[in-house]
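Here is a short report on one protein chain. Please keep the sequence and the coordinates open while reading.

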Amino acid sequence: RGAVKEPALYGDFTFEPITKEDAFPASLGHKTNKQSYEHIISRYVRRGKIAAKKRKLEKAIATKLDEVSHLREKLTKLSEMEQTEEAGGGSKEDALSDSD
């Protein structure tokens, strides 16, 4: 309702309440016709297509990131196997036989 004053936003300025009698219809100065509707609709269609492409790319990126994560896990396991081999346990053939 605007009953609380907020000097941090408005300083000493006060707002008077607006009554129904004080209000009046205001034209926004925009005339609509078939062309303007078509233009608006075409803009929304373009936005939709862009959003769809964006979702597709984001999904592809997520898939690739999962793949990279899986490959990093495999690399870590191979590195651990290599360290075990250097320490004297296991064989390199065991490390290489993992075909995932």
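The notes below cover confidence, a salt bridge and a surface patch.

## Model and confidence

The model is predicted. Mean pLDDT for the protein is 81. A score of at least 70 is reached by 75% of the residues.

Helix H2 scores highest, at 94. Helix H3, residues 92-96, scores lowest, with a mean of 52.

Lys64 pairs with Glu67. Their closest N and O atoms are 3.9 Å apart, and the cut-off is 4 Å. Both residues belong to helix H2. They sit 3 residues apart, about one turn of the helix.

How accessible are the two partners? Lys64 has a relative accessible area of 52%, so it counts as exposed, because the exposed class starts over 50%. Glu67 has 41% relative accessibility and is therefore partly exposed.

## Nonpolar surface patch

Which residues form the nonpolar patch on the surface? They are Tyr37, Ile40, Ile41, Tyr44 and Val45.

Key. Residues numbered from 1 in each chain as written. Predicted model: local features only at pLDDT ≥ 70, side-chain atom pairs only at ≥ 80, totals over all residues. Heavy atoms only, no water. Patch = residues over 30% accessible without salt bridge, like charges linked within 9 Å, V, L, I, M, F, W, Y side chains within 5 Å. Areas by Shrake-Rupley, 256 points an atom, 1.4 Å probe, with all protein chains shown as cover. Salt bridge = Lys/Arg side-chain N within 4 Å of Asp/Glu carboxyl O. pLDDT = per-residue confidence, 0-100. Helix = DSSP H or I, 4+ residues; strand = E, 2+ residues; numbered from the N terminus. Buried < 20%, exposed > 50% of the residue type's maximum accessible area, 1.4 Å probe, protein only.
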